[in-house]
Amino acid sequence: MPDLAGRLIVPTFAEPHAHLDRAFSSAITGWNRSGSLDEAVERFLGSVDRMTVESLTPGGRRALRLLYDAGVGHVRTHTAVGGPLGFRAWEAVEKAATLPGVEVRQVAMPISSNLDAREIAAWLREAADRGAVAVGGAPWRAEDPVAATRAAALLAAELGIGLDLHVDETDDPAVDTLGVLVAAVTEAGLAGRATAHHCCSLARRPERAARAEAEALAAAGVAVVVCPVSNLCLQGRACGARGLAPIRWLRDAGVLIGIGLDNIRDVVVSVGTADPLRAAWLVAVAGHLTGEDDLEWLGRTVTGGNRRICNLPEDVDEGAIDDLLAIEAASLAEAVALVPPRQRLVG
Ligand SMILES: [Zn+2]
């Protein structure tokens, strides 16, 4: 919707995949020298003792200020919980999340991927008591990915919250837990409340097989969030692939798609952006989505798609002026193409 000055008026952005608990935390973890996910996980787990509410809060606060300035009004952040870390990172995010104008919701991400383990269910139950909006985790890295994925889905259903999993974040085409996820979401009755984040290996499988999997995700009501900065940094180092899930095939299948920011200057990826439009721009370039209709679709995805995934209304509510943004662009396509300045409206 254009305003009188020709600016584009949209609701504030919703960010579907952040990690506020470790933003700007290299002083604690060191940098990821190899650029691999394995080194990042190893460094993270080796630094847990130094992760306190006091040491983690400033990074989360700094990230939130950047997100606010970029026009983000809602953040869904994956927070590490359990084991020797307990809920210190959770409490750090709560402490950081006091900036007016940015609502923060936490997804509980156990520090172990074996989501079928008994102690992990206890951590997740505590997280739900503390207000978690979804069960998170990376069951594709578990000793038994099938059991871990199914346990996560059934527990999310029992707790009455969503399921937000890191899925197949690898170049290896043989790593494929999407079918397992579809079955688990269907069994647990979580259609419309489940999101698969990353899905990188899907891009490495033959087109016919990948399109069939995309159709199964759509039919099961599983959304997909791509995170271009981390996917392009972590994946493709050895094989030369681009690392992004095959967005065109997912779009053709009718999958609800979101675009996430993921890491901001942390142990996983040392670059980062807090700007959803810059992330959409990167998807346009890296995903060859540069037709005018593609750019318009990316604009709708990073505004409406992200809001739907975060369970927010998609459309402009003219009564909620504090939740509106004026972008210096004539269209959503132009907003993605140029990443222009923007202003939050104040009532
Ligand atoms: Zn992530």
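**Figure 1. Pairing of β1 with β10 in the predicted model.** P11 has L324 in β10 as its bridge partner. The model shown here and in the other views is predicted. Strand β10 covers residues 324-327 and pairs with β1 in the antiparallel sense, over 4 bridges. These two strands belong to an open sheet of 3 strands, in the order β1-β10-β11, with antiparallel pairing. At the edges are β1 (8-11) and β11 (342-344), each of which pairs on one side only. From one strand to the next, the twist averages 25 degrees.

**Figure 2. Strand β2 and its partner β3.** Residues 13-18 form β2, and 6 of its 6 residues are buried, so the strand is mostly covered by the criterion of 20 or more other C-beta atoms within 10 Å. The strands β2 and β3 run parallel and are joined by 4 bridges. Within this pair, E15 stands opposite V75 of β3.

**Figure 3. The two faces of helix α5.** Helix α5 consists of 12 residues, 118-129. At 1.5 Å a residue it should span 16 Å, and the 17 Å between its end C-alpha atoms agrees with this. Which residues of α5 are buried? They are I120, W123, L124 and A127. Viewed down the helix axis, the buried residues of α5 fall within an arc of 95 degrees and therefore line one face. An α-helix has 3.6 residues a turn, so residues three or four places apart point the same way. The face of α5 turned away from the buried side carries R118, E119, A122 and D129, which are exposed. The cover over the buried residues of α5 includes the strands β3 (72-81), β4 (103-110) and β5 (134-135), together with helix α6 (145-159). Just after α5, G131 adopts a positive phi of about 105 degrees.

**Figure 4. The loop residue G83.** G83 is located in the loop between β3 and α4 (88-96). Is G83 buried, exposed or partly exposed? It counts as partly exposed because it has 14 C-beta neighbours inside 10 Å, while a buried residue needs 20 or more and an exposed one has 12 or fewer. Leaving aside residues up to four places away in sequence, G83 touches I111 and S112. Between G83 and A117 there are 34 residues of sequence separation and a C-alpha to C-alpha distance of 12 Å.

Figure 5. Most residues other than glycine have a negative phi. H198 has a phi near 85 degrees, a positive value in a residue other than glycine. This residue lies in strand β7 (residues 194-198). H198 is buried, as 29 other C-beta atoms lie within 10 Å. C199 is not a glycine either, yet its phi is positive, at about 55 degrees. Its place is in the loop between β7 and α8 (207-220). C199 counts as buried because it has 30 C-beta neighbours inside 10 Å.

**Figure 6. V224 in the largest nonpolar core.** How many residues does the largest nonpolar core have? It has 116, and those with the most contacts inside it are V224 and V336. Apart from residues up to four places away in sequence, V224 touches A196, C199, L217, A245, L250, V255 and I257. In soluble globular proteins, nonpolar side chains tend to be buried together.

Note on methods:
Residues numbered from 1 in each chain as written. Predicted model: local features only at pLDDT ≥ 70, side-chain atom pairs only at ≥ 80, totals over all residues. Expected span 1.5 Å × (residues − 1). Arc of directions from axis to C-beta. Contact = placed C-beta atoms within 7 Å. Pairing = 2+ DSSP bridges. Axes fitted to C-alpha atoms, helices over the stretch in contact; angles between N-to-C directions. Core = buried A, V, L, I, M, F, W, Y, C linked by C-beta atoms within 7 Å.
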